[in-house]
Amino acid sequence: MTALVSVIPILLLIVLMMGFKVSGYKSAIVTLVVTVLLALFATPAMEIIPDKYADVSIYGITLWSVIEGFLKACFPIILIIICAIFSYNILCETKEIETIKTQFIQMTSDKGLLVLLLTWGLGGVLEGMAGFGTAVAIPAAILIGLGFKPMFSAVICLVANTVAVGFGAVGLPATTLANQVAASGTASPAELCEVATFIIIQLALMFFITPFLILMMTDRKKILKNLSIALFVGTFSITVQFCCAHFIGPETPAILGSVAAIIAMLIYNKLFIRDEQPADEVKVEKKKFGMKKTLKAWSVYALIIFFILISSKIVPPINELLNNTLVTKFNIPVTGNAFKFGWLSNAGLMIFLGAVIGGLIQGLSFGRLMKLLAKTTINLQKTVVTICCLVAMAMLMNNTGMTNDIAKGLVELTGAVFPFFAPLIGSIGTFVTGSATNANILFGKLQATAAADLGLVNQSTFFGVSGSETNWLAAANCAGSEGGKLLSPQSIAIATAACDMEGQDGEIMRKTMPFAIFWILMNGLMVFLGLNVF
């Protein structure tokens, strides 16, 4: 009974967004209000509040849980989102995004490889740098401009935008997950690397299967060629992403892994693809770009990657200096949870610096850049409200014992096979909210609590990599987000808008459903085998 009451906020969010088609920010506000009411009046009666709050007023727990949620939402989640979208908007403002698009189009004459470059390569870079729909909208629009059918463009871009989702917006979903499950409330660099590495391992097979599916959707006749490209590109991509996750952290796997995939495709094109005329449906306008123009177009993203890399663990002196300078750290009153934010070491600052310097290189004045930043922030106000409410809701559910109670109910229901269903929970969260970050906010702590209830609290080895059993199970929430992303109404809405297919959301969802089911089953199998076999 207590588990059923505790799950009301999550069910309410699902019903509002799916059943009544209420917008995300309105649903989040209503759900937070209901969660506050449950915390004030239901949790004391259910006696599920943790013992450490036995002598504390429920009003104090509720108030400071909401404040804690707002703080953790703003620093760094919302800061990263605003700066990531700002960086993309600069490219649109300077029209340099057109240069980047054209350069991708001219890289190969092979239809399958061209589609893979745009969806898996460029789409992966966009997801890693900005996220929030850019990886679907931009490649889909380019494909239609090249002559591909709108339905094909929408579906294939949704299928491609899966593996990179957990590391979108400079690793924000994975970073958020690690912070959610960390005992201190703020993950250490080692914990960030461990969670990121586990996500890559759980997605390992999809690094080969996804490119193969993209190629087969484009040209079903060339099975052997498609298989060879998928194996070649997948090997490059997973090797780089694993190294980034294991040695640097969650910020760069999607970015550098997608760059590696692009390089692999170009190598394959040079070695094995004959120079031929593009397929009939592909319309290509040949243009030549000099080195100066190319560097100018890529300056924003190149500088962002540069700043992220030099501030990471691969440059220890800079990393240590930034991590120990201008750091705000204190315990939240009543809850006792720690809040920590490095003003110089956060990814948001690195994105901001790269975006501003790159924008200046591309010809924008500092004043125009600040106006664009203000415009970006205003346009994201609904996203800000949504995330603030969801993080506050998650903090409140955690602190009042509701999350713990739901986890116990799920463990009792599924028993030893719970790890198989762990990715499904992440998929549901992403499906409902449209964001892997929000899914990790909602269910990250739940996965860690379920691991504790199952006794998965030891150090172990998973497919040859050692780490915490708790982090392995928590990582499943992020790995599972790709299945939900394929079906999320928000993702599909972006695809329909980019492809001018208003009213065809249901048809797109019907076509992506088999892929989503396959993804979720594969992820569940990998998580279960990692705990019980390998």
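**Close-up 1. Salt bridge between K511 and E507 within helix 25.** In this predicted model, the side chains of K511 and E507 are joined by a salt bridge whose closest N and O atoms lie 3.9 Å apart. Both residues belong to helix 25 (residues 505–532), where a spacing of 4 residues, about one turn of the helix, separates K511 from E507. K511 is partly exposed, with a relative accessible area of 33%, and E507 is likewise partly exposed, its relative accessible area being 31%.

Close-up 2. The closest N and O atoms of K296 and E96 are 4.0 Å apart, and the two residues form a salt bridge. K296 is part of helix 14 (residues 291–310) whereas E96 is part of helix 5 (residues 96–105), so this pair ties together parts of the chain that are 200 residues apart in sequence. What relative accessible area does E96 have, and is the residue buried or exposed? E96 has a relative accessible area of 3% and is therefore buried, under the 20% limit that applies to this class; K296, at 31% relative accessibility, counts as partly exposed. Through salt bridges that share partners, E96, K293 and K296 are joined into one network.

**Close-up 3. Salt bridge between E93 and R368.** Here the side chains of E93 and R368 meet in a salt bridge with an N to O distance of 3.0 Å. The pair links distant parts of the chain, with E93 in helix 4 (residues 58–94) and R368 in helix 17 (residues 366–379), 275 residues apart. Both ends are partly exposed: E93 has a relative accessibility of 37%, and R368 has one of 41%. In the model as a whole, the count comes to 9 salt bridges, among them the pair shown here.

**Close-up 4. The largest nonpolar core and the surroundings of I199.** The largest nonpolar core of the model comprises 163 residues, and those with the most contacts inside it are W120, I199 and Y301.

Key
Residues are numbered from 1 along each chain as its sequence is written. This is a predicted model: local features need pLDDT of at least 70, side-chain atom pairs count only at pLDDT 80 or more; totals for chains, interfaces and linings use all residues. Side-chain values use heavy atoms; hydrogens and water are left out. Helices (H or I, at least four residues) and strands (E, at least two) are DSSP runs, numbered from the N terminus. Buried means under 20% relative accessible area, exposed over 50%, partly exposed in between (1.4 Å probe, protein chains only). A nonpolar core is a set of buried Ala, Val, Leu, Ile, Met, Phe, Trp, Tyr and Cys residues joined through side-chain atoms within 4.5 Å.
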